[in-house]
Amino acid sequence: MRNMTKNIVSAVIFTISLFALQGCSSGLDPDTFSVELSERGYSRSSPMIIIRSNDAEPIEVTNIIVNKGQCNYYGVNQQLNFPLHFKMGLIARLGLRQCSFINVVQVDIETNRGNVSYQFN
């Protein structure tokens, strides 16, 4: 009886851990977006991040995080109210605040279809 209970508990823990691992997977193809850095934005003094959708399917961007939240940004030609609704070719321009062009290392994009991260050197 004790071995049977131990086997059931082990099976339950194994099943739960499988579900937990699946939840951590982002699953979003990095080719969904193109992310570029521009040293000069419209004001010529602030750097800019340009995000373009490459996917034919509509996608909602629920959050954008620059350098794990260490760089603030604003919408250059539009107000950024999340979620942002992207279709193929749509661009969002983010002006950086308190963060220079050469300091941008990572841009994380969270969407309704998963998350994706872009690295810069």
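Me: Contact means heavy atoms within 4.5 Å. Leaving aside neighbours within four places in sequence, which residues is Asn67 in contact with?

Reply: Remember that this is a predicted model. With those neighbours set aside, Asn67 is in contact with Cys99, Asn103, Val104, Val105 and Gln106. Asn67 itself lies in the loop between strand 3 and strand 4.

Me: Is Asn67 buried or exposed?

Reply: Buried means under 20% relative accessible area. Asn67 has 14% relative accessibility, so Asn67 counts as buried.

Me: What lies 2.8 Å from a polar atom of the Asn67 side chain?

Reply: Look for a backbone atom here. The backbone oxygen of Asn103 lies at that distance of 2.8 Å.

Me: Gln106 was on the contact list of Asn67. Where does Gln106 lie?

Reply: Gln106 belongs to strand 7. At 13% relative accessibility, Gln106 is counted as buried. The side chain of Gln106 makes a polar contact of 2.8 Å with the side chain of Asp108. Not counting residues up to four places away in sequence, Gln106 touches Ile65, Val66, Asn67, Lys68, Ser117, Tyr118 and Gln119.

Me: Cys99 was listed for Asn67 too. Which cysteine does a disulfide join to Cys99?

Reply: A disulfide is a covalent bond between the sulfur atoms of two cysteines. Here the partner of Cys99 is Cys71, with 2.0 Å from S to S. The count for the structure is one disulfide.

Me: Now the aromatic rings. How many aromatic pairs are there?

Reply: The count is one aromatic pair. The ring centres of Phe33 and Phe86 are 5.6 Å apart, and the planes stand at 85 degrees, so the pair is edge-to-face. Planes over 60 degrees apart count that way. Phe33 is in strand 1 (residues 33-38) and Phe86 in strand 5 (residues 84-86), 53 residues apart. Both Phe33 and Phe86 are buried.

Me: Which residues touch the most other members of the largest nonpolar core?

Reply: They are Phe33, Val35, Ile49, Ile51 and Ile109, in a core of 24 residues. Strands 1, 2, 3, 5, 6, 7 and 8 each supply at least two residues of this core. Strand 3 gives the largest share, four residues.

Me: What does Phe33 touch, not counting residues up to four places away in sequence?

Reply: The list includes Leu28, Ile51, Ile59, Val61, Phe86, Ile109, Val116 and Tyr118.

Me: Last one. Which side chains meet in a salt bridge?

Reply: Asp55 and Arg113 meet, at 2.5 Å from N to O. A search of the whole structure finds one salt bridge. The pair links distant parts of the chain, 58 residues apart. Asp55 is in the loop between strand 2 (48-53) and strand 3. Arg113 is in the loop between strand 7 and strand 8 (114-119).

Me: How does Arg113 count at 32% relative accessibility?

Reply: Arg113 counts as partly exposed. That class runs between the buried limit of 20% and the exposed limit of 50%.

How values were computed
Residues numbered from 1 in each chain as written. Predicted model: local features only at pLDDT ≥ 70, side-chain atom pairs only at ≥ 80, totals over all residues. Heavy atoms only, no water. Phe/Tyr/Trp six-rings, centres within 6.5 Å; stacked < 30°, edge-to-face > 60°. Buried < 20%, exposed > 50% of the residue type's maximum accessible area, 1.4 Å probe, protein only. Disulfide = S-S within 2.5 Å. Salt bridge = Lys/Arg side-chain N within 4 Å of Asp/Glu carboxyl O. Core = buried A, V, L, I, M, F, W, Y, C linked by side-chain atoms within 4.5 Å. Polar contact = N/O pair within 3.5 Å; in protein donor to acceptor, adjacent residues only side chain to side chain.
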